[in-house]
4 protein chains.
Amino acid sequence: MTITAEQGHRGGRPRSERADKAIIEATLDLLAAEGGVDAVSIEAVAARAGVGKTTIYRRWPGKESLIVDALAAIKAPPPEPAGESVRDDLIAQLDAKRMDMADPRIGCLFWTVQSSAEKYPELARQYAERLVEPRRDKIRQVLRRGAESGELRADLDVETALMLLGGALHNRNRAPAENLPEDYVARVVDMFLLGAYVR
Amino acid sequence: MTITAEQGHRGGRPRSERADKAIIEATLDLLAAEGGVDAVSIEAVAARAGVGKTTIYRRWPGKESLIVDALAAIKAPPPEPAGESVRDDLIAQLDAKRMDMADPRIGCLFWTVQSSAEKYPELARQYAERLVEPRRDKIRQVLRRGAESGELRADLDVETALMLLGGALHNRNRAPAENLPEDYVARVVDMFLLGAYVR
Amino acid sequence: MTITAEQGHRGGRPRSERADKAIIEATLDLLAAEGGVDAVSIEAVAARAGVGKTTIYRRWPGKESLIVDALAAIKAPPPEPAGESVRDDLIAQLDAKRMDMADPRIGCLFWTVQSSAEKYPELARQYAERLVEPRRDKIRQVLRRGAESGELRADLDVETALMLLGGALHNRNRAPAENLPEDYVARVVDMFLLGAYVR
Amino acid sequence: MTITAEQGHRGGRPRSERADKAIIEATLDLLAAEGGVDAVSIEAVAARAGVGKTTIYRRWPGKESLIVDALAAIKAPPPEPAGESVRDDLIAQLDAKRMDMADPRIGCLFWTVQSSAEKYPELARQYAERLVEPRRDKIRQVLRRGAESGELRADLDVETALMLLGGALHNRNRAPAENLPEDYVARVVDMFLLGAYVR
DNA sequence: CAATAATCGAGACGGTACGTCGCGTCTTGGG
DNA sequence: CCCAAGACGCGACGTACCGTCTCGATTATTG
């Protein structure tokens, strides 16, 4: 996402870590403040971080990738599955996701990234790789373990299951502020496990 | 979304239909062209439509609502459910949606609207109400009919089912260009119907 | 020099005279203030005039031409030759020039324009045409009248004479602040009239 | 103008002569290339010379003095007066100057220096002292010898004469590219020698 | 011969100003 | 009352250089 050179530099003054941190900090501050993503302008970030605009552009190609990096810096790691019950583990994973999406600083980011995917495919790719996929992997783990232990059907199509479960949290049809009820995740997981057909 | 007065006007020159059409046309052209949503600026639309900016602002409050109206003008209406098999009807509905999402002019719009929902909640509301909800209603119909006819369990939670089914098409984790396979919808519907637990 | 359209405008809002004046005023203020030509940045002018940068760029292509226009607005018109004595008239004309060159707001302009002539030839042309040539014309008048009246030699090469007289005031070899003595102009004119050869 | 230490250094690595030359070369190249004085930025010089910016700033305080030094490196020394005829000697001296002014690399420099005199008085002083005054001294020599030999009037005001003669070559009123005709210098000298009054 | 000390190239730093774009509003003359 | 044209103040964009400041790597001269 970032352009920051991580290979050892050959010559010249090395990049300032202080600047790195100040920029990320300033970005998060602006993101949190009234105004949201729109309040994050490179000029504002530079001013608040006490940094030249150049210093930002040297590291990131634009505000989108800057924001994603800033988010990556604060997003909590996904919970570790306990491994006792597939149902409990799925609920735990999805609930963590539900809470992320409810945080205006984090939730809105997902949509932003998706909407600009056409313009900045690399950004979307990095976002998926660094923030989305690790969480999806946890769910894959749970599903595979369930299929192996006999709790779930053995021929379960894990990827399709992932789409059903994950999508249920994206499928907004109201303003983001309208949060999902607490028992929503449990209902989703149960319907997924039992199916719609009569048994 | 549009502000267009539909009540009979009392005095003065009536609004030009030519302008109306030219503006929508220009918007769709820009939307289709390389650059996507970002290429749609009011100035560009006005120039391409051969219209004053005022003429646009007289009808729409900003570019977001203009875009939504433009989309509404081309999005095909959802198919009518045949009513024979729940499975077939669901597949038909979801496939229509899958094809919409694959159209770059339409698919990207969904993400754009969501991402700007924080800034323009009214836009997101209108988008949901005019474009999303009618399609969701068709699926609700199918599910209710299934529950009544005994094909689905009688106590089916329709809204939760809607989230599972609809979300599976939003749950992108790659670039939008990467289209979903043709049998994807069928697999989703089957998993939804049968559930993950062993039967 | 300016780009201001002076032909009747066909459509659209006409250019604001208030803005015109405010911009010129601000330019002159900055020019007069500590810092001189260097303190005149488009941004500073816009800020002080309470005007958008765009409004300036709509009228002038850059700061050089803006400055020249500002100067033209304050430079006093050259004195009218009395017509009694060639010597007196020449002294009057050159003294006006000497006093212009001594004014830091005006004098430095001449050098600025010349130095940027390579980059902005049109600017230099306009400066010469609008500010320099009218004053040179007055001197031409005096010289021609002198040649006709028999006070000067009949075959006088007016253009060469102009170069000798005018140049004597440009031929700086110290800082501009070091002003020329009051009787300098008289000495120049006398040497020009009498020549260097023994008579 | 340069800051180059010429006293024997006590310790440490000596300054690289290669760098010295490369910098001057690069400066002249940029000066000669399309764009003129404006194209000479320290960054561009450093890049073209394959040198760090520090290496330039260690030797010169800014781009103005660098340019003057670069010019000094190529400006031909003034011709030695033959001493036979005042008229011929003056023509020789002024013609050398005329040819200098016609060279775009050298001529434009004069104007640049004058125009930035307000901001960098030291630059103007050095330019005058090192490049202008030696040439003016040659003309002083010629004039004094003429006054002593009786060819010119004994009470000739040498400094005023210098202004008349020298200024005639500066008194541009068109673009610098418009060169002066070849016989121009002769006409100036003759008018200076004979005067404008009828004899 | 090692220590010292100044220089080298490279390039990042905080800044200022640039000239452009698009926003949403305002203001013309003319249907 | 609408239309097109286009100017208005504004805010952000991304770029170019400024002059300063580190870096690690070379050189010469000195103790």
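A residue counts as buried here at under 20% relative accessible area, as exposed at over 50%, and as partly exposed in between (1.4 Å probe, protein chains only). By that rule, 49% of the 199 residues of chain A are buried.

The model is predicted, so local features need pLDDT of at least 70 and side-chain atom pairs count only at pLDDT 80 or more, whereas totals for chains, interfaces and linings use all residues. Residues are numbered from 1 along each chain as its sequence is written, chains are lettered from A and ligands numbered from 1 in the order in which they are written, and side-chain values use heavy atoms, with hydrogens and water left out.

**Chain A**

Chain A has nine helices and zero strands, where helices (H or I, at least four residues) and strands (E, at least two) are DSSP runs numbered from the N terminus. The order of its elements from the N terminus is α-α-α-α-α-α-α-α-α. Contact means heavy atoms within 4.5 Å. Among contacts in chain A between residues at least 6 apart in sequence, 65% join residues at least 24 apart.

**Interfaces**

The size of an interface is often given as the accessible area lost when the parts come together. Buried area is here the accessible area (1.4 Å probe) that two parts lose on being put together, summed over both. The table gives this area for two chain pairs.

| Chains | Buried area | Share on carbon and sulfur atoms |
|---|---|---|
| Chain B and chain A | about 5000 Å² | 58% |
| Chain D and chain C | about 5000 Å² | 58% |

Between chain B and chain A, 50 residues of chain B are in contact with 50 residues of chain A. The pair has two salt bridges, a salt bridge being a side-chain nitrogen of Lys or Arg within 4 Å of a carboxyl oxygen of Asp or Glu. A salt bridge joins the side chains of A:R187 and B:D157 at 2.8 Å, N to O.

On the side of chain B that touches chain A, two or more residues come from each of α6 (104-115), α7 (121-149), α8 (158-170) and α9 (184-194) of chain B. The largest share, nine residues, belongs to α8(B).

Between chain D and chain C, 50 residues of chain D are in contact with 50 residues of chain C. Two salt bridges are found across this interface. D:D157 and C:R187 meet through their side chains in a salt bridge of 2.7 Å, N to O. Residue pairs in polar contact number 14 between chain D and chain C.

**Two helices**

Helix α1 of chain D (residues 17-32) has 16 residues and should span 22 Å at 1.5 Å a residue; its end C-alpha atoms are 23 Å apart, which agrees. The expected span is 1.5 Å times one less than the number of residues. At the N-terminal end, D:S16 caps α1(D), with a side-chain oxygen 3.3 Å from the backbone nitrogen of D:R18. Buried residues of α1(D) include D:I23, D:I24, D:T27 and D:L31.

In α9(B), the buried residues include B:Y184, B:V188, B:M191 and B:F192. Just after α9(B), B:G195 takes a positive phi of about 80°.

How values were computed:
Polar contact = N/O pair within 3.5 Å; in protein donor to acceptor, adjacent residues only side chain to side chain.
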